Amino acid sequence: MQLKDFEMMPTDIPNGVQAILKFGDAYELSIVKSDFSYGGKQGLYEIGVFKNGAMTEMPGITVENDTVRGYLTEEDIDAIIKKMMFACGEKPTQI
C-alpha cells in the first residue's frame, strides 16, 4: 500500500491536508502537509505515530527522542507505511 491509495483530506490549517491511517487496534499514522508542517511549504510531508491515542516514538520510523518527522517525500511516506504494516502486522485503514 502507498500514500496514493489514500485520500488526503483538507484541514483547518491553511493549505493543509491530512490522512490518518489506522494499523490494527493500537497504532495510527498521521500524515500531514500544510503551511505549518515541517516541509509543507516545499510540498513535503510530516508524520506522527500514535499508540493508543498518544504520540509515541517508533524505531525505524521516528527519530529517537522525537515523535514527529518532517521533510518527507511521497516515496518516504510509502516506505513508512510498509514499515508500519510490517511492525504492526496489519494493513492500514483510513480513518
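**Entry 1: the order of elements.** I started by reading along the sequence, and the pattern came out as β-β-β-β-β-β-α-β. That makes one helix and seven strands in the chain. A reminder to myself: this is a predicted model.

**Entry 2: overall dimensions.** Next I looked up the extent of the C-alpha trace, which spans about 35 × 30 × 25 Å along its principal axes. I also checked the radius of gyration. For 95 residues a compact globule would have a value near 12 Å, and the chain has 12 Å, so the two agree.

**Entry 3: contacts along the chain.** Among contacts with a separation of 6 or more, 42% are between residues 24 or more positions apart.

**Entry 4: the core.** Which residues have the most contacts inside the largest nonpolar core? I noted Phe-23, Leu-29, Ile-31, Ile-47, Val-49, Ile-77 and Met-84, in a core of 18 residues. At least two core residues come from each of β2 (17–23), β3 (27–33), β4 (45–51) and α1 (74–88). The helix α1 gives the most, with five residues.

**Entry 5: a closer look at Leu-29.** I picked Leu-29 from that list and wrote down its neighbours, leaving out residues up to four places away in sequence. Leu-29 touches Ala-19, Ile-20, Leu-21 and Phe-23, then Ile-47, Gly-48 and Val-49, and also Ile-80, Ile-81 and Met-84.

**Entry 6: burial and surface.** Of the 95 residues, 34% count as buried. The accessible surface of the chain comes to about 5600 Å², and carbon and sulfur atoms hold 50% of that.

**Entry 7: charges.** I counted 9 positive and 15 negative charges in the chain. Their mean positions are 4 Å apart.

Entry 8: I found Asn-52 in the loop between β4 and β5 (54–56). Is Asn-52 buried or exposed? Its relative accessibility is 59%, so Asn-52 counts as exposed, the cut-off being over 50%.

Asn-65 also has a positive phi, of about 70°, and is not a glycine. Asn-65 sits in the loop between β5 and β6 (68–72). With a relative accessible area of 65%, Asn-65 is exposed.

Key: Residues numbered from 1 in each chain as written. Predicted model: local features only at pLDDT ≥ 70, side-chain atom pairs only at ≥ 80, totals over all residues. Heavy atoms only, no water. Core = buried A, V, L, I, M, F, W, Y, C linked by side-chain atoms within 4.5 Å. Buried < 20%, exposed > 50% of the residue type's maximum accessible area, 1.4 Å probe, protein only. Helix = DSSP H or I, 4+ residues; strand = E, 2+ residues; numbered from the N terminus. Contact = heavy atoms within 4.5 Å. Rg over C-alpha atoms; globule rule 2.2 N^0.38 Å. Areas by Shrake-Rupley, 256 points an atom, 1.4 Å probe, with all protein chains shown as cover. Lys, Arg positive; Asp, Glu negative; His and termini not counted. Charge placed at Lys NZ, Arg CZ, Asp CG, Glu CD.
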